[in-house]
Amino acid sequence: VPGLEGVIASETHISYLDVENEEIVIRGYDLIELAKNVKYVDLISLLLDGYLPDDAQQKEIEEKLKEEYGLPESLSSIFKLLPKGMHSMDALRTGISALAGYEEDLENRTQTSTREKAIRLLAKVPNIVANSYHAKMNQPFIEPRQDLSYSANFLYMITGKTPTESEIQAFDQLLMVYSEHEMPNSTFAARVITSTQADIYGALTGAVASLKGTLHGGANEAVMNMLLKAETKEKIEPMILEKLANKERIMGFGHRVYMRKMDPRALLMKEALLKLVEEKGNRELYDMCVIGEEVMKREKGLYPNLDYYAAPVFYLLDIPIDLYTPIFLSSRIVGISAHVDEQNQNNRLFRPRVK
């Protein structure tokens, strides 16, 4: 089956896409309801431990993350040596791969050890994302702050500004909706690598390479570049129609799973975008997106996927476009780590055939 479309590759207790009921089910919970009612750190516990934490458990996770925020000095030095034109996903791939060299318990694949590594990665990867970018731009590194929550600290390390409560909420929801999505290409790549009994850092390095592609994680960058090129709501429809006439792909629309309905994560980000534009006093970007959505539904019968409405949310949070996909990967670490652990606990080497 080309693209393995419809092929069941694994059994999982982690998540399920219930397309008919428009739900993304994470260990029995609707992801959208979770994003509206709890925080990303709660989702860390749900995905890695199988349950939502109480207040004390949530605080414990936050503290463990803060303990692991820092990077080895030699790893920080590597960022300054990377080519300035290097894509941020390649810098992230390099950083995660190098980080494996500092892991003392690398080959231990027990659930306890995998969880510990996942927490370390969740803590350090935002630092890699932010400061590898600052190095590329010849900007000073921004050190993590212990007084900020996980999501607030991540956003702070990128922008250098203390985020507002509404910005923290929008960013936290972004991390949540990108955190887990059953078996997309990057998660499948990580499970295939894990099936060889490779370590979690290797699995995540492969996932980064997969996610860089524009047909997977890179779509959010393409969406924002299209919106910026259009400039105004009056120009977005003619631009899309011209692209369609030239048989160009419009990024941010269509999905292998959500073919007849709107991606529920996109709907949540549409609501988050509206809140942000109203706070900032300029609806232009929101109106552009709505017009684009209507044009694509009318002309092609396609609905927005997550990337379409996530991209302008990233933009209004003052996040550089180069970092959209690295942040996607950062949020997905928790979901991929859960899949790595599940693959380890019931492993069978992936070895398909050809015809």
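Reader: Which side chains meet in a salt bridge at 3.3 Å, N to O?
Author: Those of Asp90 and Arg93. A salt bridge here is a side-chain nitrogen of Lys or Arg within 4 Å of a carboxyl oxygen of Asp or Glu.

Reader: What kind of model is this?
Author: A predicted one: local features need pLDDT of at least 70, side-chain atom pairs count only at pLDDT 80 or more, and totals for chains, interfaces and linings use all residues. Residues are numbered from 1 along each chain as its sequence is written, and side-chain values use heavy atoms, with hydrogens and water left out.

Reader: Back to the pair. Where do Asp90 and Arg93 lie?
Author: Both are in helix H5, three residues apart, about one turn of the helix. Helices are DSSP runs of H or I with at least four residues, strands are runs of E with at least two, and both are numbered from the N terminus.

Reader: Is Asp90 buried or exposed?
Author: Asp90 counts as buried, because its relative accessibility is 12%. The cut-offs: buried is under 20% relative accessible area, exposed is over 50%, and partly exposed is in between, with a 1.4 Å probe and protein chains only.

Reader: And how does Arg93 count?
Author: As partly exposed, at 31%.

Reader: How many salt bridges in the whole structure?
Author: The search finds 22.

Reader: What does Lys280 meet in a salt bridge?
Author: Glu167, at 3.4 Å, N to O. Lys280 lies in helix H13 (residues 264-280) and Glu167 in helix H8 (residues 165-177), so this pair ties together parts 113 residues apart in sequence. Glu167 is buried at 12%. Lys280 is partly exposed at 37%.

Reader: What about Glu237, which side chain does it meet?
Author: The side chain of Arg298, at 2.9 Å, N to O. Here too distant parts of the chain are linked: Glu237 is in helix H12 (residues 233-245), Arg298 is in helix H14 (residues 284-300), and they are 61 residues apart. Glu237 is partly exposed, with a relative accessible area of 27%.

Reader: Which residues do shared partners join into one network?
Author: Glu68, Glu103, Arg120 and Lys124.

Reader: New topic. How many cavities of 30 Å³ or more?
Author: Two. A cavity is a set of points on a 1 Å grid, over the protein atoms alone, where a 1.4 Å probe fits but cannot get out; lining residues have an atom within 4 Å of a point. Grid points are joined across faces, edges and corners, and the volume is the space filled by probe spheres set on them.

Reader: How much space lies in the largest cavity?
Author: About 70 Å³. Its lining includes Phe79, Met86, Ser88, Tyr133 and Lys136. Helix H5 (88-99) and helix H6 (111-136) each give two or more residues to that lining. The largest share is three residues, from H6.

Reader: What is the lining by class?
Author: Six nonpolar, two polar and two charged residues. Ala, Val, Leu, Ile, Met, Phe, Trp, Tyr, Cys and Pro count as nonpolar, Asp, Glu, Lys and Arg as charged, and the others, Gly among them, as polar.

Reader: How much space in the second largest cavity?
Author: About 60 Å³. Among its lining residues are Leu106, Arg109, Thr114, Asp199 and Asn344. H6 and helix H16 (324-345) supply at least two residues each. By class that lining has four nonpolar, three polar and three charged residues.

Reader: What is Asn344 in contact with, leaving aside its neighbours within four places in sequence?
Author: Arg109, Thr114 and Thr194. Contact means heavy atoms within 4.5 Å. Asn344 sits in helix H16 and is buried, at 18%.

Reader: Which residues in helix H9 are buried?
Author: In H9 (residues 185-194), Ser186, Thr187, Ala189, Ala190, Arg191 and Thr194. The buried residues of H9 pack against helix H10 (200-211) and H16.

Reader: Last one. What order has the open sheet of three strands?
Author: E1-E2-E3, with antiparallel pairing. Strand E1 (15-18) and strand E3 (29-30) are the edges, each pairing on one side only. Two strands pair if DSSP finds at least two bridges between them. Strand E2 (residues 23-26) and E3 pair over two bridges.

Reader: What is the bridge partner of Ile26?
Author: Tyr29, in E3.

Key: 1 Å grid on protein atoms, 1.4 Å probe; cavity = no way out; pocket = protein on both sides within 12 Å on 5 of 7 lines; lining within 4 Å.
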